[in-house]
Amino acid sequence: MFYFICALSFLAGLASGCADPNKTPSENFKHSKNLYLSQNEQLLEIIARKRRSADPEEAEEEAPTTEDMFDVLTTEEFRWVEDVHTNHDRKYYNYTGYNSFEPIKSELYRLQKQYDYVKIEKFGKTYEKRDLLAIHINKNNSKDIVFLTSLIHAREWVAGSITMNIIHRLLKYNTKDARLLRDNFHFIIVPCLNPDGYEYTMFKNRMWRKNREPIPGSNFRGIDLNRNFLYGYRSYPTDHENNGAKSEIYSGGKALSALESTALSKMLFKYRAGMKYFIDYHTYGNLWLSPYGAHNWLPRNEHQIKRYRDNALRSFQLTLGGKDFVGGSAYSILYECHGILMDHVHYYVTPLSFTVEVGDPRDDFTVPDSRINTYTISQWLALASQLKLLKKELKSGQYDKDRTLNWRRTKVSKRTLPNPRNKRNSKRDSGSD
């Protein structure tokens with residue numbers, strides 16, 4: 001049993017790197033014969049030990065090699081290994097673990113069939129021809145839109161898992177919070193804004209950040225989508241600064257040059273009239289960020305933003321894992337970052353726009369799936385607290401009163417400077433968000 005568990009753990013580690021999302025599980029399993037086993041003698045040794053522990057004489061007779069190993073597997077062993085190898089290619093969605101794009105897509109369409117007030121909207125395609133999908137949840141035909149996004153950066157897996165779990169709670173739960181949110185708001189949620197990059201992290205390079213489109217005039221791929229939006233856009237880095245297009249924070253040749261950022265921007269403008277609230281989920285740092293990242297000016301509606309930011313931070317104080325959350329403008333507590341989605345939404349779409357960095361800094365981008373539920377609970381309760389406040393202010397007229405202050409004007413007397421105590425501020429735009 002011990003060796004069986006060891007083998008399962010070993011195979012699970014391998015499974016994240018090599019399966020092809022465009023192939024069926026059986027095709028991926030055949031691919032695994034040549035790729036996994038020929039390159040990993042440890043795997044052969046683990047399974048051989050498992051067999052010897054079960055039946056030493058039979059195992060000695062059928063000692064497999066890397067070439068014929070799969071030909072002598074028992075049915076039980078075959079199914080076990082196939083399941084591990086094709087874990088990321090399954091067609092069902094696992095809410096307690098990490099999933100590739102295909103199960104995310106399948107789950108969204110399954111929910112559309114199950115609920116008559118759920119609709120899937122295709123709002124664009126990526127360079128590798130994957131659909132950009134948004135799920136609409138609008139039970140009572142509300143005109144007040146709450147817009148959530150995640151996985152604009154491919155390696156930030158837990159952010160995508162949180163948005164999928166928020167969808168699950170909105171539809172499945174019958175708690176007071178779930179009913180209040182479901183009955184009073186029109187949710188538009190984009191759980192995976194960068195499916196090409198996300199798939200690449202699943203099967204090739206776990207720490208990939210950008211999208212996957214080729215960069216003209218170079219041998220590199222990928223634009224950092226969260227540096228490609230219109231407000232505050234800056235073309236950087238230059239070749240002298242950070243090897244140009246090779247950089248993790250390469251912002252593209254011009255604003256909205258990436259397919260994903262262009263498609264999302266059009267969609268945001270499409271629903272601008274009803275947009276009341278926006279969150280872009282990221283990893284990591286336990287930060288609740290507000291505009292701006294591009295400069296050190298505070299928005300003219302900072303008093304309104306602060307109400308909601310403080311409301312979220314109070315919620316985190318009451319939830320498991322939320323005590324370390326810090327809030328403030330992206331420029332003041334993170335670093336200077338141009339062309340980011342949060343700033344773009346704040347200036348052009350709605351005054352309440354936030355970026356949430358989820359995850360303990362000690363985990364970096366690789367948050368264990370065992371903590372998905374912990375972070376989901378924390379973010380769910382914070383979102384519910386925010387939207388209760390929004391509902392109250394919409395009813396009282398306070399929201400509309402604040403909105404008339406022309407929040408887009410940014411030059412105000414009060415300014416905020418980078419926090420010298422924040423270690424993440426030591427390098428301008430290090431690319432963590």
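Arg169 sits in helix α7, which runs over residues 157–172. Keep in mind that this is a predicted model. So, what is the nearest side chain of opposite charge to Arg169, and how far away is it? It is Asp177, at 8.3 Å. A salt bridge needs a side-chain nitrogen within 4 Å of a carboxyl oxygen, and Arg169 has none, although the residue is buried.

What does Arg169 touch, then, once residues up to four places away in sequence are set aside? Ala178 and Arg182 are on the list, along with Asn373, Thr376, Ile377 and Trp380.

Now the chain as a whole. There are 433 residues, and 56% of them count as buried. The secondary structure comprises 16 helices and eight strands. For contacts between residues at least 6 apart in sequence, 77% join residues at least 24 apart.

Beyond four places in sequence, Tyr277 is in contact with Trp288 itself, and with others including Ile145, Val146, Phe147, Tyr308, Leu352, Phe354 and Leu390. The contacts of Tyr277 also take in Thr350 and Gln386.

To come back to where I started: Arg169 is buried and has no salt bridge. That's all from me.

Terms used. Residues numbered from 1 in each chain as written. Predicted model: local features only at pLDDT ≥ 70, side-chain atom pairs only at ≥ 80, totals over all residues. Heavy atoms only, no water. Helix = DSSP H or I, 4+ residues; strand = E, 2+ residues; numbered from the N terminus. Buried < 20%, exposed > 50% of the residue type's maximum accessible area, 1.4 Å probe, protein only. Lys, Arg positive; Asp, Glu negative; His and termini not counted. Contact = heavy atoms within 4.5 Å.
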